[in-house]
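Biologist: I would like to learn how to read a few features of a model. Where do we start?

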Amino acid sequence: MKTKCYTTCRIFFIALIFYVFAFGTPLWAFAKPVQVAVVPFKVNAEKDLSFLRDGIVDMLSSRLSWADKVTVVNRQKTQKALETVTGPLNEVKAREVGTKLGADFVLFGSLTVIGNSTSIDAKMVDVSGEKQTLSFFNQSQGMDQVIPSINLFASDINEKEFGRVMPSQKAPASTQAQQAGTLQDQSPSDTRAHPDKLIVGGFAGGDPQETQKAAPGSAFIATQMAQSQSAQFWKSRNIKNRVVGVALGDIDKDGKIETVMITDHSVETYRFDNNRFRKIKTIAERSHDYLIGVDVADINGNGYPEIFVTALNPSREFVRSFVLEFDGQAYMEIVKKSDLYFRVVNAPKRGRILLGQKQGINSPFDDKIYELAWLNSEYDVAEPVMPPRRANVLGLAPGDALNDGTEVAVVFDKLDYLRIYDAKGGEIWKDGEHSGGTPRYFQLPNLGSKDTENHAYYPMRILIQDINNDGKNDVITAKNYRLSEILSVRIFQNGEMEIRSWDGVGLAVLWRTRKLSGHISDFAIGDFDNDGKDELVATLVIKTGSVAMTTPKSALIAYELQ
């Protein structure tokens with residue numbers, strides 16, 4: 001019986017192979033086609049543009065259909081499945097619709113028309129949840145740009161999801177000039193450009209590696225609008241660790257900017273050079289410390305920038321920071337077990353200075369903040385810059401944030417509300433809702449119950465800088481969205497970068513990046529890729545690894561600023 005079955009199978013496969021060679025039909029032709037459900041776009045407009053909604057569905061359906069490989073679900077079936085879902089359509093509900101339809105992907109989005117301005121925001125969701133959602137955002141002037149934008153999105157889906165390279169769909173020259181321009185190219189009367197329109201390079205796939213190739217051409221800016229428009233920023237390959245801090249600087253004086261990143265227990269150096277982002281080395285292992293902050297600056301004036309690492313002891317009850325410096329051959333620890341929190345800031349008219357703060361009795365916010373000076377081979381307290389109980393130095397930035405010529409301090413308070421203080425510590429403004437937010441904490445004494453930990457969370461970094469050369473300072477920070485804070489454990493679901501500016505009433509948000517899965521742990525501004533232009537770089541923790549049997553995962557993202 002077994003011999004007969006084996007003979008039958010053998011004959012079948014021989015016949016199949018003969019058919020392939022004889023008729024040129026590849027083996028993958030017998031695979032089940034990928035099913036895509038295209039949901040009619042939500043149209044936000046003063047006029048009736050239902051015809052355009054139907055046209056977008058038809059365009060996407062025709063451009064995604066691929067004989068024997070990709071099939072678009074019947075529109076009537078998709079509509080019936082949608083009727084079973086209540087409320088606005090999001091990624092979770094899109095997967096519900098896809099499951100009902102037996103689809104592999106669900107494509108949905110919106111078209112917004114305000115005056116002569118049109119914007120398209122769309123998502124391609126993998127129903128299984130195994131692949132990352134492919135997002136697309138495009139903003140343009142005039143209805144005539146809608147079709148080229150849809151073409152670009154369809155080409156991007158075909159290439160990234162299905163491996164199908166389509167003929168280039170170039171946008172008109174006027175659109176290319178508009179979308180490829182950098183921030184300083186905007187006229188003074190124009191609203192400030194959103195960086196999502198500037199960056200191409202996108203999410204890099206594949207397993208974590210120590211070398212990352214750049215996108216063709218410039219590392220970040222798209223020179224060909226036929227390139228993917230859904231990849232809105234550059235992202236490194238995933239790093240199998242939880243990256244909690246980042247700083248930029250030429251730490252070895254070789255003429256190249258290095259990227260210094262800290263994990264919970266190590267200091268790592270990377271460099272973007274020759275169109276590659278690669279790890280150089282681990283310069284410090286601190287298995288018994290928790291690292292919570294990093295900065296780079298030449299404060300002692302010997303020509304080699306120091307690496308200031310704020311750290312806690314294993315129980316997170318004491319501060320024991322350290323400072324590293326390159327001596328021409330190796331990185332030496334020039335300061336050990338300091339009881340100071342460190343933060344390098346840009347002071348008006350003075351450049352980069354070092355601030356420090358000691359741990360308070362009841363909170364990391366309790367003690368005064370001082371400027372530190374290098375004296376007798378150590379960083380000694382000099383001038384006080386902030387009264388006690390106002391801020392923790394990790395979340396403070398001095399500068400002309402009001403754009404009126406006066407120096408103020410922008411800080412995060414204990415509850416992650418932005419505040420502005422004058423030079424004497426008097427409050428000028430407080431935000432109405434919290435932003436910032438980090439999972440890094442100091443362990444305070446338990447309050448009554450031995451089973452409940454008492455955490456004091458550290459604030460997010462703040463920068464004050466004119467990032468688009470319009471003569472006005474911007475306040476740069478991040479906002480992480482909390483999923484839960486049960487039992488004093490913070491869990492973040494999404495994070496985004498925010499750029500704010502004083503409008504006479506408060507720090508208004510000029511633009512923010514799209515929400516990223518995970519949370520922003522830190523950020524810096526500098527010539528990250530050694531191209532002579534500054535970038536805003538941020539470390540993104542995608543998975544914390546805090547759950548048993550899970551591996552942490554982080555990445556570096558970058559936005560070109562000039």
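Modeller: With one side chain. This is a predicted model. A polar atom of the Glu535 side chain lies 2.9 Å from the backbone nitrogen of Phe528.

Biologist: Which strand holds Glu535?

Modeller: Strand E33, residues 535-543.

Biologist: Is Glu535 buried or exposed?

Modeller: Buried means under 20% relative accessible area. Glu535 has 0% relative accessibility, so Glu535 counts as buried.

Biologist: How many residues apart along the chain are Glu535 and Tyr559?

Modeller: They are 24 residues apart, yet their C-alpha atoms are separated by 5.5 Å.

Biologist: Now sheets. How do strands of a sheet pair?

Modeller: Through backbone hydrogen bonds, parallel or antiparallel. Here, take an open sheet of four strands, ordered E13-E14-E15-E16, with antiparallel pairing. Strand E13 (290-297) and strand E16 (331-338) are the edges, each pairing on one side only. From one strand to the next, the twist averages 20 degrees.

Biologist: How many bridges join E14 and E15?

Modeller: Four, linking E14 (residues 306-312) to E15 (residues 321-326) in the antiparallel sense. Phe308 has Val323 in E15 as its bridge partner.

Biologist: And helix packing? At what angle do H2 and H5 pack?

Modeller: Read the angle, the axis distance and the handedness together. Helix H2 (residues 50-64) packs on helix H5 (residues 146-162) at about 35 degrees, with the axes 10 Å apart. The crossing of H2 past H5 is right-handed.

Biologist: Which residues make the contact?

Modeller: From H2, they include Leu52, Ile56 and Arg63; from H5, Ile150, Asn151 and Phe153 are among them. The contact of H2 with H5 divides into 11 nonpolar residues, two polar and one charged.

Notes. Residues are numbered from 1 along each chain as its sequence is written. This is a predicted model: local features need pLDDT of at least 70, side-chain atom pairs count only at pLDDT 80 or more; totals for chains, interfaces and linings use all residues. Side-chain values use heavy atoms; hydrogens and water are left out. Two strands pair if DSSP finds at least two bridges between them. Helices (H or I, at least four residues) and strands (E, at least two) are DSSP runs, numbered from the N terminus. Axes are lines fitted to C-alpha atoms, for helices over the stretch in contact, and angles run from 0 to 180 degrees between N-to-C directions. A crossing is left-handed if the near helix is turned anticlockwise from the far one by less than a right angle, and right-handed if clockwise. Contact means heavy atoms within 4.5 Å. Ala, Val, Leu, Ile, Met, Phe, Trp, Tyr, Cys and Pro count as nonpolar, Asp, Glu, Lys and Arg as charged, and the others, Gly among them, as polar. Buried means under 20% relative accessible area, exposed over 50%, partly exposed in between (1.4 Å probe, protein chains only). A polar contact is a pair of N or O atoms within 3.5 Å; within protein, one must be able to donate a hydrogen and the other to accept it, and residues adjacent in sequence count only if both atoms are side-chain atoms.
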